Amino acid sequence: QVQLVESGGGLVQPGGSLRLSCAASGIIFSRHTMGWYRQAPGKQRELVARVTSGGSTNYEDSVKGRFAISGDSAKNTVYLQMNSLKPGDTAVYYCRADVDRGWSTTDVYWGRGTQVTVSS
């Protein structure tokens, strides 16, 4: 059974930093595509950052140069380091795993999310 548990959200002032964690169980995260998504009130969920099993990363334009996705294989955990936070980054952040089952089949799993609020 695949489970993703996010942590690290909270209230931070503009310009501050947070590190989100996504602890994975039931999969070895480094073998699959892992991503961070966010959803602000009244908006659709959007991709923030993603890392493939090959180590390739991509970021949403507004977070490039401020956010970084990384992983710790020993802890089976994916991180999102967020720097220079802005009020527009306020959202619920979700971890997602695209698990390759082979034969062109991919199962998608989501965590429950962690709230990030950027406000003075």
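A disulfide (a pair of cysteine sulfur atoms within 2.5 Å) joins Cys22 to Cys95, with the sulfurs 2.1 Å apart. The model is predicted, so to speak of local features pLDDT must be at least 70, and side-chain atom pairs count only at pLDDT 80 or more, while totals for chains, interfaces and linings use all residues. Residues are numbered from 1 along each chain as its sequence is written, and side-chain values use heavy atoms, leaving out hydrogens and water.

**The disulfide**

- By the 2.5 Å rule, the count comes to one disulfide.
- Cys22 sits in strand E3 (residues 18–25) and Cys95 in strand E9 (residues 91–102), so this pair links distant parts of the chain, 73 residues apart; strands are DSSP runs of E with at least two residues, helices are runs of H or I with at least four, and both are numbered from the N terminus.
- The torsion about the S-S bond of Cys22 and Cys95 is about -80 degrees, which makes the disulfide left-handed.
- Both Cys22 and Cys95 are buried, where buried means under 20% relative accessible area, exposed means over 50%, and partly exposed lies in between (1.4 Å probe, protein chains only).

**Aromatic pairs**

- Two aromatic pairs are counted; rings of Phe, Tyr and Trp (its six-membered ring) pair if their centres lie within 6.5 Å, and planes under 30 degrees apart count as stacked, over 60 as edge-to-face and the rest as tilted.
- Tyr37 and Trp110 form an edge-to-face pair, at 5.0 Å centre to centre and with 70 degrees between the planes.
- That pair links distant parts of the chain, with Tyr37 in strand E4 (residues 33–39) and Trp110 in strand E10 (residues 105–110), 73 residues apart.
- Tyr37 counts as buried because its relative accessibility is 9%, whereas Trp110, at 35%, counts as partly exposed.
- Tyr94 and Trp110 are also edge-to-face, because their ring centres are 6.4 Å apart and their planes stand at 90 degrees.
- Since Tyr94 lies in strand E9 and Trp110 in strand E10, this pair ties together parts that are 16 residues apart in sequence.
- With a relative accessibility of 14%, Tyr94 counts as buried.
- Through these ring pairs, Tyr37, Tyr94 and Trp110 are linked into a cluster.

**Charges over rings**

- The charged end of Arg45 sits over the ring of Tyr94, 3.7 Å from its centre; the rule asks for NZ of Lys or CZ of Arg within 6 Å of the ring centre and within 35 degrees of the ring normal.
- Over the ring of Tyr79 sits the charged end of Arg19, 4.1 Å from the ring centre.

**The chain as a whole**

- The chain has zero helices and eleven strands.
- Its radius of gyration (over C-alpha atoms) is 14 Å, which agrees with the value near 14 Å for a compact globule of 120 residues; the globule rule is 2.2 Å times the number of residues to the power 0.38.
- The C-alpha trace spans about 50 × 30 × 25 Å along its principal axes.
- Of the 120 residues, 39% count as buried.
- Among contacts (heavy atoms within 4.5 Å) between residues at least 6 apart in sequence, 52% join residues at least 24 apart.
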